[in-house]
Amino acid sequence: MYLPCGMLLDETPLFEPSLLQELDWSSNTVSFSPPISVSNPGEGLVLRPLCMADFNRGFFKVLSQLTQTGDVTPEQFSKKFEHMKKTGDYYVVVVEDTNLGQIVATATLITEHKFIHSCAKRGRVEEVVVSDVCRGKQLGKLLVSALTLLSKKLNCYKITLECAPKNVAFYQKFGYGASDETYMQCRFSD
């Protein structure tokens, strides 16, 4: 699809795919049965960085199973994608069902640059969602494992996430634990 501004929704990845391909999967702490990995996520599935063309592959349909996404135009998506790509701090991964040509799962790692810890980086996992038609295929586990290993590869001093109380046991499998801090928010819109 061509955008009015002349931009193409193409296969340009948000970040370098080799970052995922080079993860040290042997240091993964979670078991998979049957075994799956970043390079082999399951029959007909590919785990990769988000690309522009995913706008037309149901990316927002999957995200909308997690929260409100709003009516995002191709132009808005393209502009946000380019901003995220330019900063180099956003790692949105997707699982594509290549038989359907549709995105069936996604998760995001954001790196925050800090002055503390000798100007270190902190990783934050957000927006982990698996399409209701693909739940039970270990894709949530795969995404969280991949992003946890990626944050380590990117030299983050820690990685955090927010989750509902009902999901605490799931994230504990990956080595996540409750911290002393209390999560608070000041919401400006829905």
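**Pockets and local geometry of a predicted model**

The largest pocket has a lining of 37 residues, and those nearest its centre are Leu63, Leu66, Thr67, Glu126 and Glu127. A pocket here is an open set of points on a 1 Å grid over the protein atoms alone, where a 1.4 Å probe fits, with protein on both sides within 12 Å along at least five of seven lines; lining residues have an atom within 4 Å of a point. This is a predicted model, in which local features need pLDDT of at least 70 and side-chain atom pairs count only at pLDDT 80 or more, while totals for chains, interfaces and linings use all residues. Residues are numbered from 1 along each chain as its sequence is written, and side-chain values use heavy atoms, with hydrogens and water left out.

**Largest pocket**
- Its volume is about 1300 Å³, taken as the space filled by probe spheres set on the points, with grid points joined across faces, edges and corners.
- At least two lining residues come from each of helix H2 (59–63), helix H3 (74–87), strand S2 (90–97), strand S3 (102–113), S4 and helix H6 (168–172). Helices (H or I, at least four residues) and strands (E, at least two) are DSSP runs, numbered from the N terminus.
- H3 is the element that gives the most to this lining, with five residues.
- The lining holds 21 nonpolar, nine polar and seven charged residues. Ala, Val, Leu, Ile, Met, Phe, Trp, Tyr, Cys and Pro count as nonpolar, Asp, Glu, Lys and Arg as charged, and the others, Gly among them, as polar.

**Second largest pocket**
- Of its 21 lining residues, Leu161, Glu162, Gly177, Ala178 and Ser179 lie nearest the centre; S4, S5 and H6 are the elements that give two or more.
- S5 gives the most to this lining, with four residues.
- By class, the lining divides into 10 nonpolar, six polar and five charged residues.

**Strand pairing**
- Strands S4 (residues 121–130) and S5 (residues 156–161) run parallel and are joined by five bridges; two strands pair if DSSP finds at least two bridges between them.
- Val125 has Leu161 in S5 as its bridge partner.

**Backbone geometry**
- The peptide bond joining Ser33 and Pro34 is cis, with omega about 0°; Pro34 sits in the loop between helix H1 (18–21) and strand S1 (45–49).
- Ser118, in helix H4 (residues 116–119), has a positive phi of about 60° although it is not a glycine.

**Confidence**
- The chain averages a pLDDT of 92, and 95% of the residues score at least 70; pLDDT is the predictor's confidence in each residue, from 0 to 100.
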